[in-house]
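Visitor: Could you walk me through some local features of a model, one at a time? I'd like the general idea, then the case at hand.

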Amino acid sequence: MDSSFFNVLGKSFGLKLPESAPDAWIRRWLPQNSVFSEEAVNCIGTFELRVEESELENGLYWQDELLCSFGGYDEETADGFEALVQMTLASNSLPEHLFLHAGAVDLDGIGIIFPGDSRSGKSTLTRCFLEKGAKYYSDDCAVVDSSGRLVPFPSALKQREGRKNRRVEDLSFETAGTGTNKSIDLVLFSDFESGASWAPEKLSDSEAVWRLLQNLFFPPAMRENPKEALGILRSVCGGAECYLGKRGEASEIVQFVRGLS
Amino acid sequence: MNSSQIPIARKEGLVIQEASGEVLVYDLDKDKAFSLNPTAAEVWRACDGNSSVAEIASNLSGSRDQEEKEKVVWLALDQLKEKNLIANEITSRFEGVNRREVIKKVGLATAIALPVIAMLSFPSSTLAAACPVSLCGGLGVSGGCGPGERCCPSTVIPGTFQCVSAFGLDCGAIPGTTACP
């Protein structure tokens, strides 16, 4: 990979990499819809991967500050780098974009986000939606623009095995293209609980905004632009139906959504 | 106990959003968000600098007697004051009294939903390290952890500690780390 910049969400970021870094491995931790180039307009900052100096200081750097140590060109290191790159993007996102801990898809024209903590079943639900023909927007980190619309921000789909994530290599699902921002019609706060049955309660706008606030991908960004962030969340919840509940099988959520349309 | 006191809702340094009878407030000074349920919101809105506690109570929605309504207003004011959402000094009716007991008594006696204020904090990115920085000796750019970094157990290199950019989060919430032992 010779490019010195990648562009994502309308911003440019510098990228300094050692020649030894495999292209396929780098693409695992950079946003999947990044566009690489040799020129940048208004570069926000630079990510640098250092693996050549003393071993102790090897790692991924952002603006010369260590983000994460380098453990090798492996899956775990890529996972750590991916999440920290996403956090760095999120910290530079407001007022144009807000990052939420949420899966996001478009099923039959219905824009859906399903916020939740790690291990709440977002990836499983995303995969279930995709198997039923949904368009893929995100499985863990959903991006919303300043009008409250969903922006494609896909990462390599993951499947949890025990405590570890494994990337799903065979991706035959349809991914929303860059520029296809989608209105959000449904917000589903669904926690997985073995044996549970999905019988959700409908939330008011305020309750839903409050719960979305708890699912900000990068809470400190709120300090910079709270008014904008609240405005975006209000736009999301004002235009959507919002539900809260425990779910068992992911397929019952898909049935629920299809029953609404 | 003085219900002739006139509470004034703080408006400065706040971002306020209202919908469905509830109010969301963001405190720009403390970087905290508050969610006021309809009863707390109604009391807060009524703190206009003209109405006494007794007047706010008499205008409160619901059909209970004045005494019970005043207790509900004082429960709301108590929380609003604690969250720094009241601009002037007021002396709480329940000062020195166990609030849980009061809530139990008022809750049983009144048909009005009790006032509830939930709070969320939004951390800065410059908090102190969560594990002793000595555990990160030799790691990090300058041998310890730099500004905005935390020393956390690494999942990338199990069994080691590393300085990571904290983004205001705790070890374990930062990708590639687990909680401190």
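This is a predicted model: local features need pLDDT of at least 70, side-chain atom pairs count only at pLDDT 80 or more; totals for chains, interfaces and linings use all residues.

Visitor: How many disulfides does a search of the whole structure find?

Guide: A disulfide is a covalent bond between the sulfur atoms of two cysteines. The criterion here is a pair of cysteine sulfur atoms within 2.5 Å. Over all chains, the search turns up one. The partners are B:Cys152 and B:Cys171, with sulfur atoms 2.0 Å apart.

Visitor: Which parts does the pair tie together?

Guide: B:Cys152 sits in strand β5 (residues 149-153) of chain B and B:Cys171 in the segment after β6 (161-165) of chain B, so the link joins parts that are 19 residues apart in sequence. Helices (H or I, at least four residues) and strands (E, at least two) are DSSP runs, numbered from the N terminus.

Visitor: And what is the handedness of that disulfide?

Guide: The torsion about the S-S bond of B:Cys152 and B:Cys171 is about -80 degrees, so the disulfide is left-handed.

Visitor: Are B:Cys152 and B:Cys171 buried or exposed?

Guide: Buried means under 20% relative accessible area, exposed over 50%, and partly exposed in between (1.4 Å probe, protein chains only). Both B:Cys152 and B:Cys171 are buried. A:Cys242 is in no disulfide; the nearest cysteine sulfur, from A:Cys237, is 4.4 Å away. A:Cys242 counts as buried too, at 2% relative accessibility, while A:Cys43 is partly exposed at 35%.

Visitor: On to the backbone: which peptide bond is cis?

Guide: Most residues other than glycine have a negative phi, and most peptide bonds are trans. Look at the bond from A:Leu94 to A:Pro95: it's cis, with omega near 10 degrees. A:Pro95 is in the loop between α2 (75-91) and β7 (97-107) of chain A.

Visitor: Where is A:Gln63, with its positive phi?

Guide: A:Gln63 has a phi of about 50 degrees although it is not a glycine. You'll find A:Gln63 in the loop between β5 (59-62) and β6 (65-69) of chain A, partly exposed with a relative accessible area of 43%.

Visitor: What is phi of B:Asn84?

Guide: Phi of B:Asn84 is near 65 degrees, again positive in a residue other than glycine. B:Asn84 lies in the loop between α3 (66-82) and α4 (99-109) of chain B, and is partly exposed at 35% relative accessible area.

Terms used
Residues are numbered from 1 along each chain as its sequence is written. Chains are lettered from A and ligands numbered from 1 in the order in which they are written. Side-chain values use heavy atoms; hydrogens and water are left out.
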